[in-house]
Amino acid sequence: MTMLTEEELDLQRSVRSFLDAKVAPLVAEHEQARTFPWEILPSLHEFGYVGGLVSPDDGGDDLSYSMLAILMEEAGRCWGSLRTTLNILTIVPYLISAFGTEEQKSRFLPDLLSGRRRAWFAMTEPDAGSDAGSLRTRASKEGDSWVLQGRKIYITNALHADVGIVMATVDPEAGPKGITAFLVDGTESDYAVHDIPHMPVRGTSSCELVFDDTRIPEHNVLGEVGRGLSTAMKAINVGRLNMAMGAVGLSQAALEESIKFATTRQQFGRPLGGFQLVQEMVVEIATLTQTSRLLGMHAARALDAGDSGRQECSMAKYYCGESANKAASLALQVHGGAGLMEESPVERIFRDAREATIPEGTSQIQILQMGRALLGQSALR
């Protein structure tokens, strides 16, 4: 990919080689068991996963957004569950580094960056997904603690992690201006976790969190009281970039599997790839993959240049997610009946690609946000 610098190409080659050799052989087993091989994390840290966006002063790697984009594409190409898991493990330390006090950084970052502890991020609720300003989880001040009441759903990693960031409102009447970010340490605060079985990214956990009189020490407020939505927005573009580039990786995997199948499968006495309509599908997958990659890297370059990148990341999240769905569907068609079997990689790619249009803002939300930026009129209230 000529748009990459030599340093970026070296990173891409090294991480792809590692994932192909050490992670790819584990995927089928863990997909079947709906588990994740947590023992691989220390090796992944060496490439910049988890600590990539954290300042070196806080023990991180201080990677460019472009390098992070490469890491997330390669994770998505290897296994959708890997990209999903690493997204949250990367964002939480990033937010602690950006907004945490020195005490919070020293307490949480060493364990998170070393892999001794794992993290989750909780914003979505049963009645508040895209409309983050309508959060109902309530935080009330009692003495030197905050007491949380409420539920969060679809929370990645929560079944296997004990450090998290939860968004709650300290003043429901204030709307978005009441939202506050709290660091939750499972060793000092009690909350319930319930796993929710789900269709895609089966190696990850997607959970409901229940906060019932959960006490959070006052010193665990992350950032300023009432400024939690701003804290979350710091990571929103990163999450969208990560999701977009993970979708590019899924498209790339769909392309590779389709080429392999079409050149080895025989029909009517010749390779399947010799038929014009099969060639058309494979070429479309390749085109969707490369255009998605270009758009995703354009968003990463915008962030590297110091721009807000909001429009670029929104566009990339929208296009790359939709393209991955189409690429996966075409790959399934190329494989025919074989693609419907769970032993086929494209069956997993098809399921995982379906997720790409929903988390980090649905395709429809991206359209509305881009429309507001382009037309100066909001379709939302």
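A nonpolar core is a set of buried Ala, Val, Leu, Ile, Met, Phe, Trp, Tyr and Cys residues joined through side-chain atoms within 4.5 Å. The legends below describe close-up views of a predicted model.

**Figure 1. The largest nonpolar core and Tyr49.** This core has 94 residues. Tyr49, Leu82 and Leu86 are the residues with the most contacts inside it. Helix H7, which spans residues 228-264, gives the most to the core, with 15 residues. Apart from its neighbours within four places in sequence, Tyr49 is in contact with Val15, Leu19, Leu44, Leu71, Met72, Glu74, Ala75, Leu86 and Thr90. A second, separate core has 19 residues, among them Ala158, Val166, Phe211 and Val221.

**Figure 2. Packing of helices H5 and H7.** Two packed helices are described by the angle between their axes and the distance between the axes. For H5 (residues 80-99) and H7, the angle is about 150° and the axes are 10 Å apart. Angles over 145 degrees count as roughly antiparallel, and H5 and H7 are therefore roughly antiparallel to each other. Their crossing is right-handed. On the H5 side, the contact is made by Arg83, Asn87, Ile91, Tyr94, Leu95, Ala98 and Phe99. On the H7 side, Ser230, Thr231, Lys234, Ala235, Val238, Gly239, Asn242, Met243 and Gly246 take part.

**Figure 3. Pro93 in helix H5.** Is Pro93 buried or exposed? Its relative accessible area is 0%, so Pro93 is buried. Leaving out neighbours within four places in sequence, the residues in contact with Pro93 are Val50, Val54, Ile88, Leu109, Leu112 and Leu113. Arg118 is 25 residues from Pro93 in sequence, and their C-alpha atoms are 9.9 Å apart in space.

Figure 4. The cut-off for a buried residue is under 20% relative accessible area; His30 has 11% relative accessibility and so counts as buried. Which residue's side chain makes a polar contact with the side chain of His30? The partner is Thr35, at 2.7 Å. Apart from neighbours within four places in sequence, His30 is in contact with Thr35, Phe36, Pro37 and Trp79. Leu295 is 265 residues from His30 in sequence and 32 Å from it in space, C-alpha to C-alpha.

**Figure 5. Glu125 in the loop between strands S1 and S2.** Strand S1 covers residues 119-122 and strand S2 covers 138-142, with Glu125 in the loop between them. A polar atom of the Glu125 side chain lies 2.7 Å from the backbone nitrogen of Arg136. Not counting residues up to four places away in sequence, Glu125 touches Leu135, Arg136, Thr137, Arg151, Lys152, Ile153 and Met167.

**Figure 6. Crossing of helices H9 and H11.** H9 runs over residues 310-335 and H11 over residues 363-375. Their axes come within 9 Å and cross at roughly 145°. The crossing in which H9 passes H11 is left-handed. From H9, the residues that meet H11 are Arg310, Gln311, Ser314, Met315, Lys317, Tyr318 and Glu322. From H11, their partners are Ser363, Gln366, Ile367, Gln369, Met370, Arg372, Ala373 and Leu374.

Definitions and conventions. Residues are numbered from 1 along each chain as its sequence is written. This is a predicted model: local features need pLDDT of at least 70, side-chain atom pairs count only at pLDDT 80 or more; totals for chains, interfaces and linings use all residues. Side-chain values use heavy atoms; hydrogens and water are left out. Buried means under 20% relative accessible area, exposed over 50%, partly exposed in between (1.4 Å probe, protein chains only). Contact means heavy atoms within 4.5 Å. A polar contact is a pair of N or O atoms within 3.5 Å; within protein, one must be able to donate a hydrogen and the other to accept it, and residues adjacent in sequence count only if both atoms are side-chain atoms. Helices (H or I, at least four residues) and strands (E, at least two) are DSSP runs, numbered from the N terminus. Axes are lines fitted to C-alpha atoms, for helices over the stretch in contact, and angles run from 0 to 180 degrees between N-to-C directions. Angles under 35 degrees count as roughly parallel, over 145 as roughly antiparallel, 65 to 115 as roughly perpendicular and the rest as oblique. A crossing is left-handed if the near helix is turned anticlockwise from the far one by less than a right angle, and right-handed if clockwise.
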